[in-house]
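Q: I am new to this structure and would like to go through it step by step. Could we begin with the terms and then turn to the parts?

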Amino acid sequence: MIIIGLIGGIGSGKSTVAEMFCQLGAKRIDADQIGHEVLQYHEVQIAAQNRWGNRIFDANGKINRKVLAQIVFDPSEIGCAELRFLNFLVHPYITRKIENQIRQFAESQYRYIILDAPLLLEQHWKQRVDYLVFVDAPRSIRLARIQQRGWTQTELDARELTQLPIEEKRHAANWIINNSGNLDETLDHVKEIWQNLENQNHE
Ligand code: ATP
């Protein structure tokens, strides 16, 4: 089993590329989705309530991710400390869930697992993957794409400040996929990498 970590800037197209790998036969682990699930764990909710009070919950008693994001991505030292607290709180649960999924997919004989984890380097999961793929798109294109889903430049700036510099991520990768063109071009890049993987890992 080969684990491929997928990284890239916000809105670069990681999910899109992950789906393309899945079309070719890989199985995806979506660390963002896992993070959202972990936020609803009872232990996490209790710790969040102790830290941030009832304002953190929506009308259904679930953690309101929009409110949480405003707290932890506040571009101040306080925001920084709150983000550290949140990461410290959820990291062990997320890691455990990822490990469980890896085990499950390995048992199901999947050959390739895509670990789609935007904070893979920041959370020190690099040693867990065999290859790193960086999804590349210029900031202007990334901004335009995420604006379509209602984000603002301020939100992009605030979140980017909490991540490793893009250059560092790009530098860490074995492969770079250019996702600044159309989807067909990106799929061609993905297929090239897939072929490379098959060549390097044939049994
Ligand atoms: P995030 O950092 O928020 O997790 P992401 O890196 O996973 O985002 P995607 O969600 O895959 O990025 O892509 C962001 C948006 O851009 C989506 O609406 C997606 O459909 C669109 N998109 C991705 N790649 C392309 C492309 N090559 N051409 C046009 N639109 C694209």
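A: One term is needed from the start: buried means under 20% relative accessible area, exposed means over 50%, and partly exposed lies in between, with a 1.4 Å probe and protein chains only. The model is predicted, so local features need pLDDT of at least 70 and side-chain atom pairs count only at pLDDT 80 or more, while totals for chains, interfaces and linings use all residues. Residues are numbered from 1 along each chain as its sequence is written, and side-chain values use heavy atoms, with hydrogens and water left out.

Q: How many of the residues of E4 are buried?

A: Six of the six residues of E4 are buried, so E4 is largely enclosed by the rest of the structure. The labels follow DSSP runs: helices (H or I) have at least four residues, strands (E) at least two, and both are numbered from the N terminus.

Q: Which residues point one way from E4, and which the other way?

A: Tyr131, Val133 and Val135 point one way, whereas Leu132, Phe134 and Asp136 point the other way. In a regular strand the side chains alternate between the two faces of the sheet.

Q: In what order do the strands form the sheet?

A: Five strands make an open sheet in the order E2-E3-E1-E4-E5, with parallel pairing. Two strands pair if DSSP finds at least two bridges between them. The edge strands are E2 (27-30) and E5, each of which pairs on one side only. On average, neighbouring strands of this sheet are turned by 25 degrees against each other, direction ignored. Such angles use axes that are lines fitted to C-alpha atoms, for helices over the stretch in contact, and angles between N-to-C directions run from 0 to 180 degrees.

Q: How many bridges join E1 to E4?

A: Five bridges join E1 (residues 2-8) to E4, and the two strands run parallel. Gly5 has Leu132 as its bridge partner in E4, and Gly8 stands opposite Val135.

Q: And what about E4 and E5, how many bridges there?

A: E4 (residues 131-136) pairs with E5 over four bridges, in the parallel sense. Phe134 has Ile176 as its bridge partner in E5, and Val135 has Ile177. E5 (residues 175-178) has a covered face, formed by Trp175 and Ile177, and an uncovered one, formed by Ile176 and Asn178.

Q: Which strands does H9 touch?

A: H9 (residues 183-200) packs on the sheet and touches E1, E3, E4 and E5, and its direction makes about 160 degrees with that of E5. H1 (residues 14-23) lies across E1, E2, E3 (112-116), E4 and E5, and runs at about 155 degrees to E1.

Q: Changing topic: at what angle do H4 and H5 pack?

A: H4 (residues 65-72) and H5 (residues 77-107) pack at an angle of about 125 degrees, with their axes 7 Å apart. That makes H4 oblique to H5; angles under 35 degrees count as roughly parallel, over 145 as roughly antiparallel, 65 to 115 as roughly perpendicular and the rest as oblique. Leu68, Ile71 and Val72 of H4 make the contact with Gly79, Glu82, Leu83 and Leu86 of H5.

Q: What about Ile94, buried or exposed?

A: Ile94, which lies in H5, counts as buried at 11% relative accessibility. Apart from neighbours within four places in sequence, Ile94 is in contact with Ile34, Gly35, Val38 and Trp125.

Q: Finally, which residues of H6 are buried?

A: In H6 (residues 139-147), Arg142, Leu143 and Ile146 are buried. They cover an arc of only 100 degrees around the axis, which puts them on the same side of H6; the arc is that of the directions from the helix axis to the C-beta atoms. What covers these buried residues includes H7 (153-161) and H8 (166-172).

How values were computed
Contact means heavy atoms within 4.5 Å.
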